[in-house]
Amino acid sequence: MFERFTKDARAVVTGAVEHAERGGGRTVDAEHLLLALLDREGSRASFALAALGGGQWLESVREALGEARRRGGLSQAEADALAGLGIDVGEVVARVEEVHGVGAMSGDRKDKGWWSGHRSFSRAAKDVLERALRIAVAQRDRHIGDEHILLALTARPGVPAEALADHGVTHESVTRVLYGGGEAKAG
């Protein structure tokens, strides 16, 4: 599959690995793919994000991803659902961080005891890349570009889609910008 990736899509994947490494994460997650996508300039995905007002809210999306990581990867919708059951996720995070330090629930290991030489991709990140392939095929594109990764991130429930949707970036709005109103099939 990777041989069908454009230069920009490959840059997103390698950028995601770099984000995971900087954060001390064991795996490359879907959130890392989004962070790497937000770093890109001059690509189809960056133009789509700019057309949807991206210059004004990119930092807010980065912050939302960081907050979700602090919550152990829970989306705001999941935190709200737990609140409905009487569980205050913010309080849980505060208590854990009080004992174990800030970011203790992020799943990152910053100790020196673990290092395998590479970062594996989480199931969520693999799902995004597989969905990007299905979207490219559905659009009859011969390549997988960073725009397909963006579409896949918006089509899959989770923190990246929620962070983008909070700023009006949905699967439908990105499809409209990229393809002029046609629907990409998410598979």
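Contact, in this tour, means heavy atoms within 4.5 Å. Among contacts in the protein chain between residues at least 6 apart in sequence, 67% join residues at least 24 apart.

The structure is a predicted model, in which local features need pLDDT of at least 70 and side-chain atom pairs count only at pLDDT 80 or more, while totals for chains, interfaces and linings use all residues. Residues are numbered from 1 along each chain as its sequence is written, and side-chain values use heavy atoms, with hydrogens and water left out.

**Whole chain**

Start with the protein chain in a cartoon view. The chain has 10 helices and two strands. Helices (H or I, at least four residues) and strands (E, at least two) are DSSP runs, numbered from the N terminus. Along the sequence they follow the pattern α-β-α-α-α-α-α-β-α-α-α-α. Of the 187 residues, 42% count as buried. Buried means under 20% relative accessible area, exposed means over 50%, and partly exposed lies in between (1.4 Å probe, protein chains only).

**Stop 1: Val28**

Select Val28, which lies in strand 1 (residues 27-28). Is Val28 buried or exposed? Its relative accessibility is 0%, so Val28 counts as buried. Now show its surroundings. Not counting residues up to four places away in sequence, Val28 touches Ala16, Val17, Ala20, Arg119, Ser120, Phe121, Ser122 and Ala125. For a distance, pick the C-alpha atoms of Val28 and Glu18: these residues are 10 apart along the chain, and the atoms are separated by 8.9 Å.

**Stop 2**

Move on to Arg40, in the loop between helix 2 (30-39) and helix 3 (44-51). Arg40 has 23% relative accessibility and therefore counts as partly exposed. Which residues does Arg40 touch, not counting residues up to four places away in sequence? They are Asp8, Ala11, Val12, Ser46 and Asp146.

Look at Asp8 in particular. The side chains of Arg40 and Asp8 are joined by a polar contact of 2.5 Å. A polar contact is a pair of N or O atoms within 3.5 Å; within protein, one must be able to donate a hydrogen and the other to accept it, and residues adjacent in sequence count only if both atoms are side-chain atoms. Ala11 is 29 residues from Arg40 along the chain, and the C-alpha atoms of the two are separated by 8.2 Å.

Ser43 is in the loop between helix 2 and helix 3. With a relative accessible area of 1%, Ser43 is buried. Leaving aside neighbours within four places in sequence, Ser43 is in contact with Asp8 and Asp146.

**Stop 3: Ala64**

Select helix 4 (residues 54-70) and find Ala64 in it. Ala64 counts as partly exposed, at 29% relative accessibility. Gln76 is 12 residues away along the chain, and the C-alpha atoms of Ala64 and Gln76 are separated by 9.1 Å.

**Stop 4: helix 7 and helix 8**

Colour helix 7 (residues 123-138) and helix 8 (residues 146-155); their axes come within 8 Å and cross at roughly 115°. Axes are lines fitted to C-alpha atoms, for helices over the stretch in contact, and angles run from 0 to 180 degrees between N-to-C directions. The two helices are therefore roughly perpendicular to each other (angles under 35 degrees count as roughly parallel, over 145 as roughly antiparallel, 65 to 115 as roughly perpendicular and the rest as oblique).

To see the contact, show Val128, Leu129, Arg131, Ala132, Ile135 and Ala136 of helix 7 with His148, Ile149, Leu151, Ala152, Leu153 and Ala155 of helix 8. These residues divide into 10 nonpolar, one polar and one charged. Ala, Val, Leu, Ile, Met, Phe, Trp, Tyr, Cys and Pro count as nonpolar, Asp, Glu, Lys and Arg as charged, and the others, Gly among them, as polar.

**Stop 5: His148**

Stay in helix 8 and select His148. His148 counts as buried, at 0% relative accessibility. Its side chain makes a polar contact of 2.7 Å with the side chain of Asp141. Another polar contact, of 3.3 Å, joins the side chains of His148 and Tyr179.

**Stop 6: Arg140**

End at Arg140, in the loop between helix 7 and helix 8. Arg140 counts as exposed, at 74% relative accessibility. Although it is not a glycine, Arg140 has a positive phi of about 60°. Most residues other than glycine have a negative phi.
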